Amino acid sequence: MSSEGVTTPLISCFLAWLLPGAGHFYLGRRRRAAVFFAVVLATFLLGLLNEGRSYIADGQQPLTYLGTLANVATGPLEVLSRRATFHKLAYALPADENSREAQELLTAMRNKARVVTDEYGTTYLITAGLMNMLLILDAFDIAIGRKA
Amino acid sequence: MRSHFLNMVIFSALVSVFFAFLTQNDRRERLKVMTILFLSMVVLSLLIAYAMFPFPLNTAR
């Protein structure tokens with residue numbers, strides 16, 4: 001495989017993660033890129049508007065790893081929702097749940113969970129991440145010529 | 001935004017548009033997929049909600 005044959009899929013995947021739709025834009029699918037950008041951004045913003053919370057990886061609850069992965073797939077935008085949830089960039093709960101840091105993170109998460117629309121918001125945030133994950137895979141397929 | 005129905009409709013619309021553009025290239029096909037997905041999600045949700053109506057969450061009340 002030529003160097004271009006390797007770098008183009010990697011660049012398009014990285015751009016797709018960096019900004020929703022950017023991978024498609026790079027591959028010349030400008031109209032699709034604009035629609036994907038608008039849809040993923042709207043879903044993410046609705047998540048913020050509904051006070052959704054980001055997931056944090058907790059060793060005692062393995063499913064939280066999937067939630068965190070879905071959040072991170074949104075790209076750098078995700079920093080906004082994570083800061084809104086935990087007031088800092090935290091991706092994993094400390095092993096010692098009685099530590100001060102762990103207690104602060106858990107309290108911040110519980111405060112968010114008390115908001116009436118939290119479930120809706122969290123679902124929007126997760127969906128935005130999962131959509132972007134599909135966009136990354138789609139950009140990869142287009143880049144290697146598997147999809148027209 | 002506290003309306004369950006409005007949230008459901010907006011969510012369904014966003015997901016329908018996303019999958020229509022992701023899976024279809026032809027404009028007419030996109031519109032068809034978008035409509036089918038949107039109506040499926042909204043109508044099925046309403047049917048499930050209606051089916052659950054006789055079963056209250058808290059029977060102790």
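In which helix of chain B does Met41(B) have its place? The answer is helix α2, which covers residues 27–52 of chain B. Before we look around further, please keep in mind that this is a predicted model.

**How confident is the prediction?**

The model as a whole scores ipTM 0.89 and pTM 0.90. For chain B, the mean pLDDT is 90, and 93% of its residues reach 70 or more.

Is Met41(B) buried, exposed or in between? A residue needs 20 or more C-beta neighbours within 10 Å to be buried, and 12 or fewer to be exposed. Met41(B) has 17 such neighbours inside 10 Å, so it counts as partly exposed.

**Chain A as a whole**

Chain A contains seven helices and zero strands, so you can follow the chain from the N terminus as α-α-α-α-α-α-α. Its C-alpha trace spans about 55 × 30 × 20 Å along the principal axes. Of the 148 residues in chain A, 41% are buried. Take the contacts in this chain between residues at least 6 apart in sequence: 67% of them join residues at least 24 apart.

| Helix | Residues |
|---|---|
| α4(A) | 63–72 |
| α5(A) | 78–86 |
| α7(A) | 118–143 |

Start with α4(A), whose buried residues are Gly67(A), Thr68(A), Ala70(A) and Asn71(A). Because these residues cover an arc of only 160° around the axis, they lie on the same side of α4(A). What do they pack against? Their partners are α5 and α7 of chain A.

Helix α7(A) has 26 residues. From its first C-alpha to its last it reaches 37 Å, close to the 38 Å expected at 1.5 Å a residue. After this helix comes Gly145(A), with a positive phi near 85°.

**Where the two chains touch**

Terms used:
Residues numbered from 1 in each chain as written. Chains lettered and ligands numbered in written order. Predicted model: local features only at pLDDT ≥ 70, side-chain atom pairs only at ≥ 80, totals over all residues. Helix = DSSP H or I, 4+ residues; strand = E, 2+ residues; numbered from the N terminus. Contact = placed C-beta atoms within 7 Å. Arc of directions from axis to C-beta. Expected span 1.5 Å × (residues − 1). pLDDT = per-residue confidence, 0-100.
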